[in-house]
Amino acid sequence: MALSRGRLCGPRGADGSGESTRLLSQESRLVELPYSSSDDDDGSLAGDTDLATAEQDPGEWYPVPSKPSTFSQCVRYLAFLWNLLFLLLGLLALAVGLWGLVAKGSLAGERLAPLGSDPMLLFVLAGLGASTISLAGCLGSLRSSPCLLRFFVGAVLAFAGLEVLGGLLLLAARQRLRDGLRDALLLCLLRYQDEPDLRFLVDEVQRSLSCCGLGSYRDWETNPYFNCSAPGVQACSVPASCCLDPWQNGTVANAQCAFGALRLGDVAAGTVVHLEGCVARLSAWLRAQAGGIVAGAAVLVLVEAVGVLMALKMLRDMAAVGGRD
């Protein structure tokens, strides 16, 4: 039994040493594995963490444009309301001009020839231009369209340039302007009975300035209805707006107060109508109102400048946030 135990113990001891060596090597491997696996896990965890961080903060990879400031938003809405106001004014002027042309029948085929001298055409052109430019400003502000805003800025600057050019021409050609004004008033006298709006304009000028005709009251002889050879009751007469007292009993307008005034001498006519012409009175009135005219022109330029500055501010903001046409 002892021998058998010894044999058993002998080989077992030898095998045990080898076996212990294998166990040690396996243990060393087992000891090393956690470290390597932990490194891999740490790497994978770090990668997951980076991925999660990238998903949580995409601005690091794809920068988000900054939103316009509160001031920029206020400028945008103010520009929209500003242009909307002038759009409504332009549409109103356009409607008045078209109504005047339709009411007088100036758009009919036989009346197209004198259309160029119709004052209502000025309302139509001014209203059409103002409404078109203001509409571009409104849509450009509302939709943040650089193309419309550039068109608005260019149109306003072109209009301002025309204003400056017109002012310089007025200063350089004052005498020609006086002659042109005289020709325009002469045309008004000739077509006094044919154009209701011209008749209204002439009557208002003669009443306001207390004048009659161009150079004198006798200029009305050039009108075919007031000429002394005309076959009507208005022959040798002047309009009622030339009368010193155009009212009957102080309450009712007297349309016949100037009948036969051209048959009278200057002294007798002076007791009924104004003898002085409107050209001299109108020139004196324009000289007296020079300050008001300059102030009005300055206000108009200021209004245009405010609109342009707001449009330029919006264009700069859109360029900063990557706006597209």
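Author: Start with handedness. This is a predicted model, and in it helix 5 passes helix 8 in a right-handed crossing.

Reader: At what angle do helix 5 and helix 8 pack?

Author: The angle is about 130°, and the axes lie 11 Å apart. Angles over 145 degrees would count as roughly antiparallel, and 65 to 115 as roughly perpendicular. Helix 5 and helix 8 are therefore oblique to each other.

Reader: Which residues make the contact?

Author: Helix 5 supplies Arg 178, Leu 181, Arg 182 and Leu 185. Helix 8 supplies Val 279, Leu 282 and Ser 283. By class, the contact has four nonpolar residues, one polar and two charged.

Reader: Now a loop. Where is Val 273 placed?

Author: Val 273 sits between helix 7 (266-269) and helix 8 (278-288).

Reader: Is Val 273 buried or exposed?

Author: Buried means under 20% relative accessible area. Val 273 has 1%, so it is buried. Its contacts beyond four places in sequence include Tyr 217, Cys 242 and Ala 258. The C-alpha of Ser 241, 32 residues away along the chain, is 8.7 Å from that of Val 273.

Reader: How do I check the length of helix 3?

Author: Compare its reach with the expected span. Helix 3 has 24 residues and reaches 34 Å from first C-alpha to last, close to the 34 Å expected. Its buried residues include Met 120, Val 124 and Gly 127. Ser 144 follows helix 3, with a positive phi near 55°.

Methods
Residues numbered from 1 in each chain as written. Predicted model: local features only at pLDDT ≥ 70, side-chain atom pairs only at ≥ 80, totals over all residues. Heavy atoms only, no water. Helix = DSSP H or I, 4+ residues; strand = E, 2+ residues; numbered from the N terminus. Buried < 20%, exposed > 50% of the residue type's maximum accessible area, 1.4 Å probe, protein only. Contact = heavy atoms within 4.5 Å. Axes fitted to C-alpha atoms, helices over the stretch in contact; angles between N-to-C directions. Parallel < 35°, antiparallel > 145°, perpendicular 65-115°, else oblique. Left-handed = near helix turned anticlockwise from the far one by under 90°. Nonpolar A, V, L, I, M, F, W, Y, C, P; charged D, E, K, R; others polar. Expected span 1.5 Å × (residues − 1).
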